[in-house]
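Here's a quick look at the charged pairs in this structure. Have it open while you read.

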Amino acid sequence: MESFRSLTVTQRDQILVEQQVFDIFKTFYNLPPSSQSFMLELQRENHVEYLTKGLTGLSPSFCVLDANRPWICYWILHSIALLDEFVDPELENNTIDFLSRCQGPNGGYAGGPGQMPHLATTYAAVNSLVTLGGDKALSSINREKLYMFLRQMKDASGGFRMHDGGEIDVRACYTAISVASLLNILDDELVQNVGNYILSCQTYEGGISGEPGSEAHGGYTFCGLATMILINEVDRLDLSSLTDWVVFRQGVEGGFQGRTNKLVDGCYSFWQGGIFALLKRLNSTKEVKPIPLGDGEGSGEESPQTTTSSDAAGEEGLNGDLSLGGSHSEIGDQHNTSSQDNVIDIDHNHSKGHANVEPLFNSLALQQYILLCSQELNGGLRDKPGKSRDHYHTCYCLSGLSVCQRSWLEDEDSPPLPRAVLAGLWASEICGFRMYDRS
Amino acid sequence: MDSREDDGGEPLSRMAEWRDVTPLPQDDGPNPVVPIAYKEEFRETMDYFRAIYKADERSPRALRLTRRAIHLNPGNYTVWHFRRLVLEALNADLDEELDFLQRIANSNSKNYQLWHHRRWVVERLGANARAKELNLIKKILSIDAKNYHAWSHRQWVLQALGGWEDELDYCQQLLEEDIFNNSAWNQRYFVVTRSPYLGGLKAMRASEVRYTVEAILANPNNECPWRYLQGLYKDDIKALVNDPEISSVCLKVINTKNNYVFALKMLLDLLCHGFQPCHEFRDSVVALRTSDTDPLGPDLSMAICDILEHVDSLRASYWIWRKNKLSVAAV
């Protein structure tokens, strides 16, 4: 083992995070079983309280998100939906009204009333309204004007600009295409050349970058892959190298990193974890045999990060603007992360009549990271130990948790299998993976 | 011109200059959600901005106002956009604009709007701005060598304005400082494949393979050079399989019986693409077996999957899936 001083910045930063995380795990293992159970519980009520409070009032430090308010709506509403909770009717109406004021006269939604429309905030607003569901919310969306806005944002390269005169990247493609798909206004004009643009963003590593030439990155990989699926051109990507890249983004901490040799971050539980959900769908329609489980029933078949304004504006920009919801079959549905109540023992032979498919990532390790390292017991979730909670990370950590718990199912609308839910497993079952030597 | 860093935060309502403007409050509605408890300075600045924006007033005072608004919320893309319109209308000195951006770069190094604005300015300044720009990016990267925006911007500058000559050296330097810096490896790939001075990937391949192999041997657990190595043979799998240096480095690392996950993985990939191993490879893989793993079957690829399932147990389900794909392919 080299002396600490001869380590590179990457090695040093990684070791510091590992120490923190393993301290948490060690403490956990030494707890009595009843305390362990508590630590693995999802603090639903506290999360809902934290989230709902955000809907009704935000402190002055949030002025750095003053151009992202539909995002804050989305992060909060989606999280509440994941927790199988509801927003009271008054708040719902106020949200619909507020988002209407963010809708531009020429289509699309801005970061706040009076601002220019922007693809990311359009994505956030539309998904917020779809999450609320119901006639009032959905009919408030001006689909014709939104289509015009999307056409305006389309660039000759095949990509999209985030706003008038704005930047072009894979996020913009995703937000535009996914919204168009969701609202049933996707056409050839919008789709043409998008596939070529995204293809040019798959790097030698296998992941997808924000712009051609840039580094493979979890957020952009999710956006790129999802877009290709939506426009039915996913087979043009090198899926085996993409799979190979994303599988290695899961680290010894159990969580995912955004790029090779970078630090774990709870939000990648969704951006990277969600990629597996997409791939599973693709694999189940192809010849590849999934891993059959013991019962022999195998079948064919994705913040402001800190409190400083600069980081908030920036990191949130890179990560936050990538926000998106679960699969699009979930329009209007409430999705629950499994409750602690009915899970006590592992039942390896449980089948419930559904085909079982083991996910390609380590779902239990990821859940362990989310629950023990990202969850704040007082409500909210965060990037990693030592960082503050925020709505963005709450949204994507919970989304990642949901992906984990549903990752063994062929049919995403079924409740999770007990074996898929971390809570209730023996401590020794967790982290079966060995720590690897580092020179 | 827009020279003052800030106007001291003096209330606009008290300034003679703004007397003729009626501030425009935000149309939040009676019961807004996610309402932010704006501080007075923020609220006032944005009220005046809304008024100027609505009136489309592209004047020097509008320029100063956008600066004030940017300081309060650098994420407001509408303000940045309007600032660009004003700069154009006033035919402003864009070198001064670069200086302004430079001053706020450090505390906004991860802000999309700032980098996009920089691109817009530099595009207009042209090749003369190149050296300054590459230098600024270097400074930012010296603080955070993986800043995603900085790297994208750097690539844009190189492609739009040139400056490729020193870039491979720059990558080399960064990799000497931190061989685990994946952004630097990615940039290296960018330079090697696109620099007009280097002759393209195939021409550079041999020397790059040597460099990469050296990096692997120094830190076999470093994922970067392994992926880079594969990248050097992108769209040319046959050459990858036939290059003795590749299979040789796998063998070397496997024989150390330490940090060999990537080496085994590379060997597996080679086998999947038709590599014909000599007996040395099988012997080395067999030597990895510990008493708690089953005896290895005759198929080397399957044996490797079995080993990886145990030594890279975090990814056990992936290795099982890879093994299953082997049997499907074999049929």
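Buried means under 20% relative accessible area, exposed over 50%, and partly exposed in between (1.4 Å probe, protein chains only). This is a predicted model, where local features need pLDDT of at least 70, side-chain atom pairs count only at pLDDT 80 or more, and totals for chains, interfaces and linings use all residues. Side-chain values use heavy atoms, with hydrogens and water left out.

A search of the whole structure turns up 40 salt bridges over all chains; here, a salt bridge is a side-chain nitrogen of Lys or Arg within 4 Å of a carboxyl oxygen of Asp or Glu. Among them are these:

| Pair | Closest N and O atoms |
|---|---|
| B:R64 and B:E17 | 2.1 Å |
| B:R188 and B:E208 | 2.7 Å |
| B:D269 and B:K265 | 3.6 Å |

Take B:R64 and B:E17, which form a salt bridge. The pair ties together distant parts of the chain, 47 residues apart: B:R64 sits in helix α2 (residues 60-72) of chain B, and B:E17 in the segment before α1 (40-55) of chain B. Helices (H or I, at least four residues) are DSSP runs, numbered from the N terminus. B:R64 is partly exposed at 24% relative accessible area, and B:E17 is partly exposed at 30%.

Then there's B:R188 with B:E208, joined by a salt bridge. That pair links helix α9 (residues 182-194) and helix α10 (residues 201-218) of chain B, 20 residues apart. Both B:R188 and B:E208 are buried.

B:D269 and B:K265 are 4 residues apart in helix α14 (residues 261-272) of chain B, so about one helical turn separates them. B:D269 is buried at 9% relative accessibility, and B:K265 is buried at 5%.

Key
Residues are numbered from 1 along each chain as its sequence is written. Chains are lettered from A and ligands numbered from 1 in the order in which they are written. Helices (H or I, at least four residues) and strands (E, at least two) are DSSP runs, numbered from the N terminus.
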